[in-house]
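Colleague: I would like to go through this model with you. Could we begin with the contacts of one residue?

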Amino acid sequence: MTDAEEDVSALLSELVRTLQDLQTEVEPRTERGRPRPPTPEELLRFTSDVTIPAAILVLKTNIEALKLLRRALRLAEGRPATVSSGGGVQERATQLSRATLTRLDDALSDLQGAVEGRPADAEARELLTEARELREALAEQLAESQSVDGAEDIEATEVPVDVDAELQSIKDDIDDVSDGGPGDGT
């Protein structure tokens, strides 16, 4: 084995270890190899960060729709559309709804980042970056080795690794399990 082949083998081994670490970080498994269900803390965090603000937003939207309906009915009867009420309470409710919308936007941004492969966890981001760098280094090493040794020698040892495709595959497996699809063991 030449030095170039040893370097490629070492880079490939390191890339595989990094991808396994990333898979463990993104998709923790039970002792039997099945995806681990969310912990109570994860469920509580999701509930407090996404579910409750979304429910509040739906309720506030319904309240505003009912207020508009009330105004439309008053206008249809010929009465004034506005009724003076406690302005301080309405102002405070408006501020709270803005804060809730901001929290919901943040939670949805985090969720969208996770779906797009940008993990919010710093360790997972670091592992993903390292895996991408290793993939690029391996591709460079393979290209150099191919130009030196010729195409027929490198084709036998080339192992294409697409980190983004691997991450999508992991996400699809998780989606299948959470939807009760194949692989859920039931």
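Modeller: Leaving aside neighbours within four places in sequence, Thr18 is in contact (heavy atoms within 4.5 Å) with Leu127, Glu130, Ala131 and Leu134. This is a predicted model, in which local features need pLDDT of at least 70 and side-chain atom pairs count only at pLDDT 80 or more, while totals for chains, interfaces and linings use all residues. Residues are numbered from 1 along each chain as its sequence is written, and side-chain values use heavy atoms, with hydrogens and water left out.

Colleague: Is Thr18 buried or exposed?

Modeller: Thr18 is buried, at a relative accessible area of 4%. Buried means under 20%, exposed over 50%, and partly exposed in between, with a 1.4 Å probe and protein chains only.

Colleague: And what does the side chain of Thr18 reach?

Modeller: The backbone oxygen of Glu14, at 2.9 Å. Thr18 itself lies in helix H1; helices here are DSSP runs of H or I with at least four residues, numbered from the N terminus.

Colleague: Which residues touch the most other members of the largest nonpolar core?

Modeller: Leu15, Leu138 and Val163, in a core of 13 residues. Such a core is a set of buried Ala, Val, Leu, Ile, Met, Phe, Trp, Tyr and Cys residues joined through side-chain atoms within 4.5 Å. Helices H1 (3–26), H4 (122–149) and H6 (163–178) each supply at least two of its residues, and H4 gives the most, with six.

Colleague: Changing topic, how many residues does H2 have?

Modeller: Helix H2 (residues 40–77) has 38 residues. From first C-alpha to last it reaches 53 Å, close to the 56 Å expected, where the expected span is 1.5 Å times one less than the number of residues.

Colleague: Where is the kink in H2 centred?

Modeller: On Thr47, with a bend of about 40°, taken as the angle between axes fitted to the seven residues ending there and the seven starting there. Val50, Pro53 and Arg74 are buried in H2, and the helix is followed by Gly78, whose phi is positive, near 90°.

Colleague: What about Asp106, and how far is it from Asp49?

Modeller: Asp106, in helix H3 (residues 87–115), is partly exposed at 46% relative accessibility. Asp106 and Asp49 are 57 residues apart in sequence and 8.8 Å apart in space, C-alpha to C-alpha.

Colleague: Where is confidence lowest?

Modeller: In helix H5 (residues 151–155), at a mean pLDDT of 50, whereas H2 is highest at 89. pLDDT is the predictor's confidence in each residue, from 0 to 100. Where pLDDT is low, the predicted coordinates should not be read in detail.

Terms used. A polar contact is a pair of N or O atoms within 3.5 Å; within protein, one must be able to donate a hydrogen and the other to accept it, and residues adjacent in sequence count only if both atoms are side-chain atoms.
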